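The sequence and the model come first.

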Amino acid sequence: MSATALSPATAHYREAFERLRPQLGGTASRRVAAMERFAELGFPGAREEAWKYTSLRRLESRRFVPAAPATTPVDVPAAFVAQRLALVNGSPVGVVPASLGGFALGTLDTAPEDQLLRALGGGGTERFAALNAALSIGPLLLSTTAGQQSDDVLQLTLVTTGTGPTLASPRIAVRMAAGSRARLLIDHVDDGAHEHFTNAVLDIELAAGAHLTLYRLQRQGERAFHIERMEVRVGEHATFVMRDSQLGAALARLDTNVSLDGRAAATEITGVFLADGSRHLDSHIHVGHRAIETTSLQDYRGIAANKGRGVYNGKAIVHEGAQKSNARQVNRNLLLTSGAEIDTKPDLEIYADDVQCSHGTTTGQLDPNALFYLRSRGLSEPEARSALTRAFAGAVLARVDEPALARHVHDELDRRLVRLLEVTA
Amino acid sequence: MASTPTDLDALVAQKYQHGFVTDVESDTLPPGLDEDVVRVISKIKREPQFMLDWRLQALRHWHTMANPDWAHLRIAPIDYQSISYYSAPRARTDGPKSLDEVDPKLLATYEKLGVPLHERARLAGVAVDAVFDSVSVATTFKDKLSKAGVIFCSFSDAVQNHPELIEQYLGSVVPYTDNYFATLNSAVFSDGSFVYVPKGVRCPMELSTYFRINAANTGQFERTLIIADEGSHVSYLEGCTAPMRDENQLHAAVVELVALKDANIKYSTVQNWYPGDENGVGGIYNFVTKRGECRGASSRISWTQVETGSAITWKYPSCVLTGDNSVGEFYSVALANHYQQADTGTKMIHIGRNTRSTIVSKGISAGRGQNTYRGLVKILPSAEGARNFTQCDSLLMGDKCGAHTFPYMEIRNPSAVVEHEATTSKIADDQLFYCRSRGVSEEDAVNMIVNGFCKVVFKELPMEFAVEAQNLLAVSLEGSVG
């Protein structure tokens, strides 16, 4: 592909990649191939179905500088749990411990590279996964040993920071050995000083009988761009659980692709998002049932207000032969004020007959009867609205069984809702 | 519920019942599409200049467009230059003055289809504007309708006799730029039906048209325009069957409905084009653009469809709810058996205040059929108090078929309430077992369960259609469950 065919933004990242190359570890040809793939795909056009409700024009108009390896520690918010590792622009600062919070840790120096920088094909975020593979500076491998059971939670705080608009490319691979159990908390933050772009990739595999609970908190700055791709392969009788909270960034897109590969593999993906201000939050969840007796649940609750926009695109595909599968999708949304928008698209693709699949979605306002009841009990209008909105999100938040994290999300929702409802009441 | 060879044999043996070709001499243009073809069509139909200009605009626009590929369909490439764009039964004099003058072979064709034109029309009290290939050959009950002031005629007649209505309303709901197939239709449409119901008139009978594709290699491009003036009420029935043929035939129709203040339009369809044989050979390609606009306040448009035919169905009857308090409805049963593919659904665009819409879609997949529901519910910021309820259920019969749901919901008004629910299931063994234990044969039990599954849609159909639809479903599914 000649350089003239590239859009200015794509060309910018390719040039930046050339400059940064000497500092990047791993096999050069793998990085170059990833960059070429990104250059080939470029930024999504306006008519691309996967980006129907999310325009990247603003992102494409910016010229972020890809981060170089971090050398100095930065301030990070307090941890929710005891075991924590901070990654600055994707790379750990200083010496990485050999194990932490129930996981063995590896980096590009110690881990097999094909696990850390492998290409993730398909879908609307393939281009960004490729860009990440080219530019990621400190990919991290978390692994467990067979049968290892851990009740600890490992928190990874991913900080994006820089002296100007910075592109961070954090990349984490998780390999759960057969029969192991672990919990992981990923917290996305930034310094808020500039308009940053975080382009993250999580590449997760669960062997037979493994169990992983992933808590995710996206609380980036008001000006941040965040694109994340999560690729999860679930083996026989293994279970992947995700508890997602999306509260920050100006524009965030999360693609969660879960492939239920083994018999009786299961996944449960729940989340809340708050699209207030002019925030644009887009969640794509794609669950592929590829074996018999697989089960999936998706349950997202969204709140949009002001000029905020929430996008939910869930998809369950039951492939031919995946009999006795069970796929459920629920998406409920609240539109609190005019000017806000919710776009929701719960897709089902079924190629097997002995299955139970359903989806339900609702979008509306707070129930006037419930509101009236609370008012009659002496609550002010903002209090009543806030209580009902919290209860709406609470139904999903109740599944976040890590208390400090749950409290933080509740408090943050409270703080923002009170402000929001006072203004609009 | 094990699949036995006997069931499969029955499935394979299931033939299209309406498959035959009538040998009628046709005036057919040579295959190909260019501006000259459009000029010839317009000339044959003795159209005024504005029609020709409109057609040419559409053709020029069509050349700038690409064949859409977003539907969940596998379509062999269509060579638009190998299709003949006009075919008319040969005129004996200057067209038939009465049924007696109609080509007897044509009438015999309707007999074979079970549509005894005059008999059925008289007994059922239905006016039939029968479209054979591309030209209307007979219209009945004109007198009764004209007494009520209702205009019900072929599109060609409307262009001759009511050009002002055509000029005002043609393309006002589906503009010639709308989509690939609608644009193609705008350029080359040969005929169709036109209905105008004047202010305050309740149309005295159900209006009905039977479409039928006959001559080889002629795509059929129908155009229907229905205008319900203020406070009027009309129910329109459309049903199709087509003869058996090995080559894929293209059908790209456009239906436009306009409902003014307080008007009510009910549009029902039973579609049974040739679906191809049990190996997926042949069958009609059915690309239809149907859209109604509730232009006036408190108007109502209701679409009901039973889609059992066609190799490929690409069809999204839609409602643009512009008027305050207007109502849009969509009830659908779609069946995909053998190698049939259906990508169908609706769009409800809420613009006016307190607009309401209901969507009920029932998809049945059997054999290797692929059935897709695709729908859009769009609530614009102006649609204060808008309300939508959508339910789409899929029934799967066999492990080689597919049922898919792609619902789009775009909500931009906080006072709107939008609900969507969907389920996918098969006929439960315990349901079947219960019926069998009561002495009901397996085939009857399946029919009963399927009819129960579809009941909520069938009850929206006019009575005589509801019976036909049930039979059609039973025939289409014969032997596909075991």
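## An enclosed strand in chain A

Strand β11 (residues 197-206) of chain A is largely enclosed by the rest of the structure, because ten of its ten residues are buried. A residue counts as buried if 20 or more other C-beta atoms, placed from the backbone, lie within 10 Å of its own. Strands (E, at least two residues) and helices (H or I, at least four) are DSSP runs numbered from the N terminus.

In a regular strand the side chains alternate between the two faces of the sheet. Both faces of β11(A) are covered. On one side F197(A), N199(A), V201(A), D203(A) and E205(A) are buried, and on the other T198(A), A200(A), L202(A), I204(A) and L206(A).

## Basis of the model

This is a predicted model, in which local features need pLDDT of at least 70 and side-chain atom pairs count only at pLDDT 80 or more, while totals for chains, interfaces and linings use all residues. Residues are numbered from 1 along each chain as its sequence is written, and chains are lettered from A and ligands numbered from 1 in the order in which they are written.

## Partners of β11(A)

Two strands pair if DSSP finds at least two bridges between them. β11(A) runs parallel to strand β13 (residues 225-234) of chain A, with ten bridges joining them; here E205(A) lies opposite R233(A).

Strand β9 (residues 171-176) of chain A also pairs with β11(A) in the parallel sense, over six bridges, and M176(A) has L206(A) as its bridge partner. Strand β8 (residues 166-168) of chain A is parallel to β11(A) over two bridges, with A168(A) opposite T198(A).

## Where the chains meet

Chain A and chain B each bring 32 residues to their contact, where two residues are in contact if their C-beta atoms, placed from the backbone, lie within 7 Å. On the side of chain A, β21 (341-350) and β22 (356-364) each supply at least two residues. β21(A) gives the most, with ten residues.

β21(A) is joined by six bridges to strand β21 (residues 402-411) of chain B, and the two run antiparallel. Within this pairing, L348(A) stands opposite T405(B).

Terms used: Buried ≥ 20, exposed ≤ 12 C-beta atoms within 10 Å, placed from the backbone.
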